[in-house]
Amino acid sequence: MTTLELAVRVLAFLAGLVTILLTLSSAVSTFVLPRAARSQLNRLVFGLLRRIINFFLRFAKTYQRRDTIMAYYAPIGLMLLVPTWYILIALGYAAIYWAAGVGDVATIFRLSGLSILTLGFGDPKTLFTTLVIFSEAMIGLILVALLIAYLPTMYSAFSRREQAVNLLEVRAGNPPSAAEMLMRFHRNYGLEKLGDYWRTWETWFADIEESHTTLPTLVFFRSPRSENSWVTAAGTILDAASITLSSLDIPYEVSAALSIRAGFLALRRIAGYFDIPSPQDPHYPAVPICVERHEFDEVLDRLAAAGLPVKADREQAWQDFAGWRVNYDHALILLCGLVMA
């Protein structure tokens, strides 16, 4: 073997090893690591699939049809990750087999494929080759086991999220409305009961912040009903709390303020995972909130007509509402666009 051939085989070995390690890093960050960790490979897979989904969305005439198409996006993307990892690991091990001189191109690809799928393998000639084959088969089994363990965890978090979203329909209508929620509370329970509800949603925001950053695929899992969405539910609660603090002439409720803080922190951190800028980012747009003054006045008129104690100073109420809303407005709107809520 010449020096050039030896150098080529060493480079092939290193390239295969790096490919395997980077692929395993993607799998660990997706299935095992209990914190938000970005995987460029996962982004590539989901990004390419999103372009395909967007192509089909052009032919959908109604929102319900677009929602049906988007419902397949996250499950298909998640299922594509495993064969992507298998292919890359098989290619990495094929490079190692070639560097070890196991055989020609057809032989090494066949050996690599059979090993990672644990279908059996040929007669290895050396102890090194045997160990490499066993390691590849072990990785193939581990990836399957991780996927099996991952799905129940993810669907458990999905179930907790959707339970609160579905219960919101009882109090805020369908699709949910902040004004409708406040009017129903005033009519059925009394506004003094809002305190317990804010605390419930404060816990919900903390839960989705943890689950939707460690399991980012959950962001794209859609509600069973097209008119529901975890993003719009979050917006409804945050707007209702902002209106309560800024515009209703009732005692100050600290739990509403804490719910808003928990909400905007959760939305910002989820948005940050997808590179949506936060107010601390220099690229954050210096724009007002997307709610216009006349829309705000219309909501207050509805609340006043329903008998809620609305503050007389509308100008101050608008300024206070905008001060609360600006904390979550940008992240909320861009997350709506990201998940097509």
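**Helix packing and salt bridges in the predicted model**

Helix α4 (residues 73-99) packs with helix α5 (residues 105-116) at an angle of about 130°, the two axes lying 8 Å apart in what is a predicted model. Because angles over 145 degrees would be needed to count as roughly antiparallel, α4 and α5 are therefore classed as oblique to each other. The crossing in which α4 passes α5 is right-handed. On the α4 side, the contact is formed by Y86, I89, A90, L91, Y93, A94, Y97 and W98, which meet I108, F109, L111, S112, S115 and I116 of α5. Sorted by class, the contact of α4 with α5 comprises twelve nonpolar and two polar residues, with no charged residues.

The axes of α7 and α11 come within 10 Å and cross at roughly 15°, an angle that makes α7 roughly parallel to α11. The crossing of α7 and α11 is right-handed. In this contact, A179, E180, L182 and M183 of α7 meet V299, R302 and L303 of α11, and the classes represented are five nonpolar and two charged residues, with no polar ones.

The structure holds 16 salt bridges. With a relative accessibility of 41%, R302 counts as partly exposed.

A further salt bridge is found between the side chains of E209 and R269, at 2.7 Å from N to O. Since E209 lies in helix α8 (residues 194-214) and R269 in helix α10 (residues 254-273), this pair ties together parts that are 60 residues apart in sequence. R269, at 45% relative accessibility, likewise counts as partly exposed.

The side chains of D329 and R325 also meet in a salt bridge, with a distance of 2.8 Å from N to O, and for this pair both D329 and R325 are buried.

Terms used. Residues are numbered from 1 along each chain as its sequence is written. This is a predicted model: local features need pLDDT of at least 70, side-chain atom pairs count only at pLDDT 80 or more; totals for chains, interfaces and linings use all residues. Side-chain values use heavy atoms; hydrogens and water are left out. Axes are lines fitted to C-alpha atoms, for helices over the stretch in contact, and angles run from 0 to 180 degrees between N-to-C directions. Helices (H or I, at least four residues) and strands (E, at least two) are DSSP runs, numbered from the N terminus. Angles under 35 degrees count as roughly parallel, over 145 as roughly antiparallel, 65 to 115 as roughly perpendicular and the rest as oblique. A crossing is left-handed if the near helix is turned anticlockwise from the far one by less than a right angle, and right-handed if clockwise. Contact means heavy atoms within 4.5 Å. Ala, Val, Leu, Ile, Met, Phe, Trp, Tyr, Cys and Pro count as nonpolar, Asp, Glu, Lys and Arg as charged, and the others, Gly among them, as polar. A salt bridge is a side-chain nitrogen of Lys or Arg within 4 Å of a carboxyl oxygen of Asp or Glu. Buried means under 20% relative accessible area, exposed over 50%, partly exposed in between (1.4 Å probe, protein chains only).
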